[in-house]
Amino acid sequence: MTGAVRKKGSIRRRLIIQLLGGAALLAILMFVVVRLYARDLAADSQDEILSASVTSILDAAAVRNGTLALDIPYSAFSMLGNVSDDRVFYTVTRNDAFVTGYQDLPTPQQGRISETRFRTATYRDVEIRMVTAARRLSIAGVPEVVEVTVAQTRDGLRQTLNEISRTVAMFGIGFFLLAAFLGVLAAQSAIGPLRQLAGSVSRRGPEDLRPVTARVPEEMAPLVAALNSFMSRLKASLTRSEDLIAEAAHRVRTPLATVRTQAEITLRRVDKPENRQAVREMIRAIDESSRAAGQLLDHAMVSFRSEHLETKGVDLCRLASDAVERLRPMADLRDIDIELTLPGEPQILRGDAILLQSALLNLLDNAIKYSPTDSTVRVVVSGDGTAGRVMIRDSGKGFALGELKTLTQRFVRGGNTSGVVGSGLGLTIADEVARAHGGSLKLENAKEGIGGCASLSFLLASR
Ligand SMILES: Nc1ncnc2c1ncn2[C@@H]1O[C@H](COP(=O)(O)OP(=O)(O)O)[C@@H](O)[C@H]1O
Ligand SMILES: [Mg+2]
């Protein structure tokens, strides 16, 4: 009876995707920011060392004997060498005229003398960072400007940066994995209460319509409130329909029984054969309607009870012998003998005794109805410890093979019913009962000759 649930997405998946997306974004952001910061830091430190180198060269410039003496101190380049294997270039100019160094070095940034100037340029096809500073010297009484430029390639810088990037990338991935793990845990725990609620509701017995009293997170309170109110309405409506079925059964059967009694009394009083025949016909018609009404009500009851299956231990042997005893008078009327074969021990299954009885009675009723007079109906109960079976076999015409699939449908009767009364509900009831108990109804014809054979199979309760 459970309809297909239409699903749309998954809260867990959505949560996980959002958390993972957030974690990935943060990881990338962290990577970019740290890399930018590291690049600035590395560039600054190179600039600082280059400036120190330029300053030490400028400081070494002196005027001796009226000429410019420039002894470039060893430390000026060694401090640069310490940083990495980067190549170092320099030039010294005096009043913009080349004095020493690399003459083809790109011209430095223009600016004021007092300023230290920085420039990034390309020299000999590689990127270099240039730092320039100048100093005013008075040479032979003439003021002159000595300008020093020191440049260095940036391989070291790039290398450092790459190393930092690698490390940060590792951190980023680690961070992402950790966040992903935590995200999955968070998603799992977020939907845990939902799962618990679903589990506890689906574990309930079919008749258990009590409100959910377990404590649930705030967000789920409206859902549980709605569920509880739905269940209480359902309970009320179920009680109403149960009452209605009982009431209807009573109202239909009681007057029919009264009419039948009256008809029987009349039959005793009437003498004329044709009148007696008419009253007999009347009694037969009353029996038929009473039976049809009974079956209709049985069917309503089966549909109702199947959805609220009561499960108690029921013995198939007891059920079969009860059914046989109940229908024996009807069989006797047609001189039909019912032969019951029971196994040595009880065959217990969990189920609703009233429904199972109704299924058996309907099958046995069919067997008697569709058998020729003066024949035998065989009822055999068997079991193998896991499954139990009741087989009812008659020696009538049997089922029309082409009809087998449709006979269990409501109000469907076969083509072999001429003169036999019925409403087409018996097999429907038997089939519904079987399925409500997880069992099955099988219709076939006896292999060794004529006769229909209907059997009900169920899983037995484990002992
Ligand atoms: N034992 C049987 N032998 C032959 N035909 C049967 C037997 N039981 C049922 N049928 C066929 O299946 C049809 C449906 O059975 P059922 O649902 O009990 O309806 P009803 O007995 O009221 O006709 C019957 O009309 C009949 O054609
Ligand atoms: Mg029937």
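This is a predicted model: local features need pLDDT of at least 70, side-chain atom pairs count only at pLDDT 80 or more; totals for chains, interfaces and linings use all residues.
Residues are numbered from 1 along each chain as its sequence is written, and side-chain values use heavy atoms, with hydrogens and water left out.

View 1. The strands, which like the helices are DSSP runs numbered from the N terminus (helices are H or I of at least four residues, strands E of at least two), follow the order 9-11-12-14-13 with mixed pairing, where two strands pair if DSSP finds at least two bridges between them. Strand 9 (337-341) and strand 13 (440-445) are the edge strands, each pairing on one side only, and the twist from one strand to the next averages 15°. Strand 11 (residues 376-383) and strand 12 (residues 387-393) run antiparallel and are joined by six bridges; Val-379 has Ile-392, in strand 12, as its bridge partner. Helix 6 (residues 316-333) lies across strand 9, strand 11, strand 12 and strand 14 (452-459), and runs at about 170° to strand 9, an angle taken on a scale from 0 to 180 degrees between N-to-C directions of axes fitted to C-alpha atoms. Helix 8 (residues 426-436) also packs on the sheet, touching strand 13 and strand 14, where contact means heavy atoms within 4.5 Å.

**View 2. The packing of helix 4 on helix 5.** Helix 4 (residues 221-269) and helix 5 (residues 273-307) pack at an angle of about 170°, and their axes are 10 Å apart. Helix 4 is therefore roughly antiparallel to helix 5, a term for angles over 145 degrees. The residues of this contact divide into 18 nonpolar, four polar and eight charged, with Asp, Glu, Lys and Arg counted as charged, Ala, Val, Leu, Ile, Met, Phe, Trp, Tyr, Cys and Pro as nonpolar, and the others, Gly among them, as polar.

**View 3. The aromatic pair of Phe-89 and Tyr-123.** The two rings form an edge-to-face pair, 4.8 Å centre to centre with 80° between the planes; rings pair if their centres lie within 6.5 Å, and planes over 60 degrees apart count as edge-to-face. Phe-89 lies in strand 3 (residues 88-94) and Tyr-123 in strand 5 (residues 117-123), so the pair ties together parts that are 34 residues apart in sequence.

**View 4. The hairpin of strand 1 and strand 2.** Strand 1 (residues 61-64) pairs with strand 2 (residues 67-70) in the antiparallel sense over four bridges, and Arg-64 stands opposite Thr-67. Two residues lie between the strands, and Asn-65 takes a positive phi near 50°.

Conventions:
Chains are lettered from A and ligands numbered from 1 in the order in which they are written. Angles under 35 degrees count as roughly parallel, over 145 as roughly antiparallel, 65 to 115 as roughly perpendicular and the rest as oblique. Rings of Phe, Tyr and Trp (its six-membered ring) pair if their centres lie within 6.5 Å; planes under 30 degrees apart count as stacked, over 60 as edge-to-face and the rest as tilted.
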